[in-house]
Structures are given as C-alpha cells and as structure tokens.
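I opened this entry to keep track of what I looked up in the structure. The notes follow the order in which I checked things.

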Amino acid sequence: MNSLDELRMFKQFIHAAEQVWTQIATSPRGKPVYTIDRVDYAPLPERYNSKRKISRIFRRYWGRQLTETMIRNLKLRLIKGKLCVPYGAIPPLPTTIQSLQLKMNRPNQKVVSAVLYGASKKVRVDYRLIRVGAAAPYTIMKRSGKEFDQRYRQPAKATGPQAKPKPTPTQKTPGKPKHKSNGRKKLLKTP
C-alpha cells in the first residue's frame with residue numbers, strides 16, 4: 001500500500017474513532033429525562049441500549065482496556081429497565097485531525113502522531129495501532145494525552161473510608177549497625 005494512501009486510511013480511522021464516544025454520549029437528545037441525585041439522565045436509543053452493543057461499537061476502533069475506560073466514562077446507569085447516560089451539554093473535545101505523521105512503521109504495528117484540534121485548542125496525540133495478521137483491521141491499543149481528555153481518563157483512586165490508613169513510623173532503637181551491601185544481593189552463597 002502506498003504510504004500516502006495508508007496515511008489517508010489512518011486519518012479516516014482515527015477521526016471515526018475519536019467521534020464514536022461523543023456520538024453515543026449525545027445520542028439521547030429529545031428523550032424523556034429522569035433525575036436521580038440531582039443528575040439528569042436520558043435513555044439511550046435502541047442501537048446503544050446495552051453495554052455489549054456499546055462495547056462492540058468501541059471495539060471496532062479501540063482495544064479492550066480503552067473500551068472499558070470509555071464505557072466507564074460514559075457514566076451509564078440502568079433506570080426503569082433502560083440504559084441511560086447523564087443528560088446535558090458535553091464540552092467540545094479536540095476530535096478533528098489537522099496533521100498526521102507516521103512515527104513507527106512495522107508490518108503489524110504502527111505508531112501515528114496526530115495533531116487534533118477543537119474546542120479552540122490543539123493537542124498532539126500518539127496512537128499505537130496493532131493488528132493480528134495481514135488481513136485483520138487495525139486496533140488502537142494505546143493513546144497518549146489520556147489525562148487531559150474526559151473520555152480516556154482513568155478513574156480516580158479511592159481515598160475515602162475504604163482506603164487503608166498509612167502506618168505510623170516507629171522510632172529506631174540504637175543498636176548494632178547493619179551491614180551495608182551497596183544495593184547488591186547475593187543470590188547464591190558459596191560454601
């Protein structure tokens with residue numbers, strides 16, 4: 001395949017992959033709204049009405065770990081037997097590709113650097129695309145810049161009552177000084 005054709009294919013692929021989360025999150029417009037804990041929820045349309053369907057759509061583009069993170073960040077909730085998402089305005093996200101550059105080119109693995117723009121800002125993002133076999137489609141396994149984008153951000157660590165308390169340091173009693181090994185550990189002692 002010509003490298004120009006390959007770049008054009010990756011540009012279309014990444015553009016579609018960046019749009020898919022927003023398409024699902026904004027799909028229930030004009031639907032009835034349920035309010036729970038002061039958060040408004042709207043039911044998803046039929047084509048997105050289960051986590052399995054949403055996962056299949058995400059898996060066209062994204063690896064399993066990123067798919068699970070994106071589903072978690074949709075903040076889905078089952079209300080009255082319907083799968084719902086928080087209703088409201090989604091902030092504009094950088095999803096349009098301005099430029100694309102191939103950084104690593106192996107037969108079944110590519111690293112592509114893209115400059116995305118939108119929401120009046122530009123972001124440089126690196127994608128690691130992998131495929132299993134020459135005829136299989138590519139899948140995005142890694143994406144840089146996750147911490148700045150709500151779609152890919154990992155959930156915060158638990159800091160509430162479930163978190164284990166840190167042990168308090170105890171005072172050392174003066175005694176024999178321990179032998180220092182300069183960071184080396186002997187794996188096998190000779191007799």
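This is a predicted model: local features need pLDDT of at least 70, side-chain atom pairs count only at pLDDT 80 or more; totals for chains, interfaces and linings use all residues.

I placed Lys75 in the loop between α3 and β3. Its phi is near 55 degrees, a positive value in a residue that is not glycine. I noted for context that most residues other than glycine have a negative phi.

Next I looked up Lys80, which lies in the loop between β3 and β4. Lys80 also is not a glycine and has a positive phi, about 55 degrees. With a relative accessible area of 68%, Lys80 is exposed.

I then turned to the strands on either side of that loop. β3 and β4 run antiparallel and are joined by three bridges. For Arg77, I found Cys84 as the bridge partner in β4. I followed these strands into an open sheet of four, in the order β1-β2-β4-β3, with antiparallel pairing. Its edge strands, which pair on one side only, are β1 (34–36) and β3 (77–79). From one strand to the next the twist averages 45 degrees.

I went back to Lys75 for the pocket search. Which residues line the largest pocket? I listed Trp21, Ala25, Asn73, Leu74, Lys75, Val85, Pro86, Tyr87, Gly88, Ala89, Ile90 and Gln150. α1 and β4 are the elements that give two or more residues to this lining. I noted a volume of about 160 Å³ for the largest pocket.

Then I checked the loop between β2 (39–43) and α2, where Pro45 sits. Is Pro45 buried or exposed? Pro45 is buried, because its relative accessibility is 14% and the cut-off for buried is under 20%. Beyond its neighbours within four places in sequence, Pro45 is in contact with Ser27 and Pro28. I also noted 9.1 Å between the C-alpha atoms of Pro45 and Ile24, which are 21 residues apart along the chain.

I moved on to the interior. In soluble globular proteins, nonpolar side chains tend to be buried together. Here the largest nonpolar core has 34 residues, and Ile54, Phe58, Trp62 and Tyr127 have the most contacts inside it. At least two residues of this core come from each of α1 (3–25), α2 (51–59), α3 (64–73), β4 (82–86), β5 (96–106), β6 (109–118) and β7 (121–130). α1 supplies the largest share, eight residues. I picked out Phe58 and left aside its neighbours within four places in sequence: its contacts are Val20, Trp21, Ile24, Thr67, Met70, Ile71 and Leu74.

Nine of the 10 residues of β6 are buried. β5 and β6 pair in the antiparallel sense over nine bridges, and a hairpin of two residues joins them. In this pair I found Ala114 of β6 as the bridge partner of Leu100. β6 and β7 are antiparallel too, over 10 bridges.

How values were computed. Residues are numbered from 1 along each chain as its sequence is written. Side-chain values use heavy atoms; hydrogens and water are left out. A nonpolar core is a set of buried Ala, Val, Leu, Ile, Met, Phe, Trp, Tyr and Cys residues joined through side-chain atoms within 4.5 Å. Buried means under 20% relative accessible area, exposed over 50%, partly exposed in between (1.4 Å probe, protein chains only). Contact means heavy atoms within 4.5 Å. Two strands pair if DSSP finds at least two bridges between them. Axes are lines fitted to C-alpha atoms, for helices over the stretch in contact, and angles run from 0 to 180 degrees between N-to-C directions. On a 1 Å grid over the protein atoms alone, a cavity is a set of points where a 1.4 Å probe fits but cannot get out, and a pocket is an open set with protein on both sides within 12 Å along at least five of seven lines; lining residues have an atom within 4 Å of a point. Grid points are joined across faces, edges and corners, and a volume is the space filled by probe spheres set on the points.
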